[in-house]
Amino acid sequence: MEIIWQGIKQAIILIFTGNREVYEILFLTLRVSGSAVFFSMLLGIPVGVLAGLNKFPLKKFIIAVINTGMGLPPVAAGLIVTLFIWRSGMLGFLKLMYTPTAMVIAQVLIASPIIAGITLAAVQQIDPKLKQQVLSLGANRFQVYWILIREARLPALAAVMAGFGGIISEVGAVIMVGGNIKGETRVLTTAAVQMVRMGNFDMAIALVVILLAITFGVNFLLTLIQQKEGIGWIRRF
Amino acid sequence: MDKKILEISDLKKKYNSKFCLDVNNLYAEKGKILTIIGPNGSGKSTLIRLINLLERPDEGKIYFNGHEITNGEVSQTEARKKMAVVFQEPLLFNTSVYTNIIMGLKIRKIKLSGVKDRIDYFTGKLKITDLLNRSTKNLSGGEKQRVSLARALVLDPELLLLDEPLANIDQSFRESLRADLFGVLRGYGKSVVYVTHDRNEAMVLADDIAVMDRGKILQFAGKEEIFRKPAGEFIARFVGVETLVDGVILEREGNVCKVGVTARKSNIEVSVVSQERRGTRVTLAIRPEDVILYSTEISSEESSAMNLFKGKITEIRDIGIFKRIEIDCGFPLSSFVTQNSVNRLKLALGKEITAAVKASSIHMFKR
Amino acid sequence: MSKFRFLKVFLIFMLSVLIITTSVFAFSCKDKVKNTEIILATTTSTYDSGLLDELIPVFEEETTYKVKPIAVGTGEAIAMGERGEADVILVHSREEEDRFVEEGYGTERRDVMHNDFVIIGPEDDPSDTSGLTAVEAYITISASEALFVSRGDDSGTNKKEIAIWEETGTTPQGDWYIESGQGMGETLRIADEKQAYTMTDRGTYLAQQNNLSLIVLVEGDEILFNPYRVIPVNPEKHKDIDINYEGAQAFVEFITGEKGQAIIKEFGVAEYGKPLFYPDVIK
């Protein structure tokens, strides 16, 4: 009990005095997961929209793959990426192992199916006759997709937040492809694990507090949107 | 210049497991309202979707303003930009009413500043000016359909297509929306194709009417002709002819035929203005509005009608403003009379009555 | 667009985004990383002690190399060396190291530092292990079926523990023998929680001492000697992989050199009163 209380006090001090190590870890986490969610969006939203709105052969199979990917364990994602980028792998010459880039790639592998799957489900909810109405208004192919994505913008935003929440709190992938190297590939989750290992509880608690703050913030936003209490400007977008 | 904004030629499309759409000739004239009426399942909505190129025909051609649009020479998107469609469901986007209304303009890249007057005009006419900033989420069905109509009208399309726009609206809202919509359409001056299963809407709105059933056009003509001279029993019933009797032309004198009608008791002769030949088997169509009732003893001076039928009243039914009277004069004959007439003639069940019908009011078609 | 064409376009689109993503990042990093990267595979006990956090920055300042220390068990570190996934390894398992070099995977082995293992347990020492030799202690622990936590993870520490069990002639099994499968820190915590016996390297024990109620009961026995050696990976064995042999050698020179050894000698003294590791090259 004493330790926990000690830890929390120290954590507050570390956070508010701008402890360099803590902030270094925080910014790397945001950089890695932020880039990952950005690329996952670029990949996931179009995939979800296209798969949801069109008929094509193997459609059911591809949707099943996306849904399975949604539940991909981070460790599995890490292992898959490792097999490609380690020195004996196909992409070994790129020297990506133990770099933030590798971490981004692994997290893209985790988040993209989540974003694609939720967007896909949202888009399938749209009345199929709406597409005909949009076409009758004179829309070309791209305008149709753009308008229907806007129709599903609230669930799509929720998808992105779900993707972000998932990757910022995972350990399995980033530790495998990143190696948890101090100052280079150490993020909130892996740093917390390391701090606990080394007996440095204050740091560990500080890092966990920050992580919780971020995930809570993201989930809070997600909940607001789900409950459609809006964020006024998003609805008028 | 070509008067036809739309022309359909030999169009065929299978639209459900049973029926095939088969329209060999149909056209809409510029500046006029063509109403397509028919029961559910007759293929009307499929026809609208084909005209708007939302579906491909199995065979046939569609011409817009003289140019064929079904052969791919003109892009589908370009063709659609000359039209606007309002469907049975409002199909709005989940943003504000105003954004919905201008959505078509934005898609067609029409400058908003240039059409501000048009937007104001139609939102005013459809009575949705107060709703402009509201989200479409909580609007009533009627309000949503008004928005959908405004969205189409502000595009000022060369051809406006309306697929049963009032069908899904609650009775209570339908009257007012119908009044507002028809007010817009009648003064509109542009070409309209209006699809409905409600013959009253057609009666009020149409210049020309096409009657459809099971994928085929049964009759295509001006409003008057359809109502006065329905080309078959189905159409006759659809346009409100209550009395249909079968018979054979016994003889013809000049332009008046004497038709022998098989009645319950004996043969009755009915005089009908027509050029058909003796011996032709026909069906007579008598509109209830054309049946005038008299109390039993009248002389030939009181009525110039060539047909006087005597019979007993078998049913008196209230149908709003009018009362429908059914008389058994050897065959069932229906008449519409006002409450006044009911009182004046002391109409009651079982009463003996004389019904007069002019030979020129009876429509006849071959069986 | 026909259905099949759509599917093809769709798949090509997905593939291109994936490729573009990878390339954009890869090529921005590639130049920086050419031959300045050294992957050092080492054990969790070294890593968790914090020694590398002191050594590496100094090395990186003196040279232009960038060291990437990856902490895994000794077994895994050696496996990484065999696969060429590391440039140099720093481990503490004599037998494995010898085999590694003999089979040609490593070019030489150099002593770096040493400390010792100690057997720790609850203050009241229920099995009376205090003052015994390591082997004797294990015998009485297993005889009394007192709780014992093992690393159970193929690490150097684990291999030493198993070697001692072999000396006792018995195989530890039963509910009293717990395998944590984790690093030393976690294992110590589990042992503390359960008030069990365990064997640990002195370095980790000293670092965690304040959080533990367990005390040192057996120490000084020859068998508990824990030497660390550094071995560069042999590039000849991995012609198709770019092993940074020069970097590995530079690192080896550094930690067996004056500066590196001095850092090792001082490490932990201020905090814990005793050094966590004893340098082998200087005294």
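What share of the 283 residues in chain C is buried? In this predicted model, the figure comes to 45%. Chain C is built from twelve helices and ten strands.

Chain C splits into two domains according to the domain assignment, and domain 1 comes in two pieces, 32-114 and 227-279, while domain 2 covers 117-224. Going by C-alpha atoms, the centres of these two domains of chain C sit 27 Å from each other. Where they meet, domain 1 of chain C puts in 16 residues and domain 2 of chain C puts in 14. On the domain 1 side of that contact, two elements of chain C supply two or more residues, namely helix H2 (44-49) and helix H4 (74-83). H2(C) gives the largest share of that side, with four residues.

The contact between them pairs seven residues of domain 1 of chain B with five residues of domain 2 of chain B. The domain 1 side of this contact in chain B holds three nonpolar residues, three charged ones and one polar.

Element by element, the lowest mean in chain B, 84, belongs to helix H9 (residues 233-238), whereas strand S6 (residues 83-86) has the highest, 96.

Chain B also contains an open sheet of five strands, ordered S15-S19-S16-S17-S18, with antiparallel pairing. Strand S15 (292-295) and strand S18 (332-338) of chain B each have a single partner strand, so these two stand at the edges and one side of each has no neighbour in the sheet. From one strand to the next, the twist averages 45 degrees. Within chain B, strand S16 (residues 307-319) runs antiparallel to strand S17 (residues 322-328), and seven bridges join the two. Across this pairing, B:Lys312 faces B:Asp328 in S17(B).

Moving on to contacts between chains, chain A and chain B touch through 15 residues of chain A and 18 residues of chain B. On the chain A side, the elements giving two or more residues are two helices of chain A, H6 (128-136) and H7 (141-151). Of these, H6(A) provides the largest share of the side that touches chain B, at six residues. Sorted by type, the chain A side of the contact with chain B has six polar, five charged and four nonpolar residues.

Conventions: Residues numbered from 1 in each chain as written. Chains lettered and ligands numbered in written order. Predicted model: local features only at pLDDT ≥ 70, side-chain atom pairs only at ≥ 80, totals over all residues. Domains from an automatic or database assignment. Contact = placed C-beta atoms within 7 Å. Nonpolar A, V, L, I, M, F, W, Y, C, P; charged D, E, K, R; others polar. Pairing = 2+ DSSP bridges. Axes fitted to C-alpha atoms, helices over the stretch in contact; angles between N-to-C directions. pLDDT = per-residue confidence, 0-100. Buried ≥ 20, exposed ≤ 12 C-beta atoms within 10 Å, placed from the backbone.
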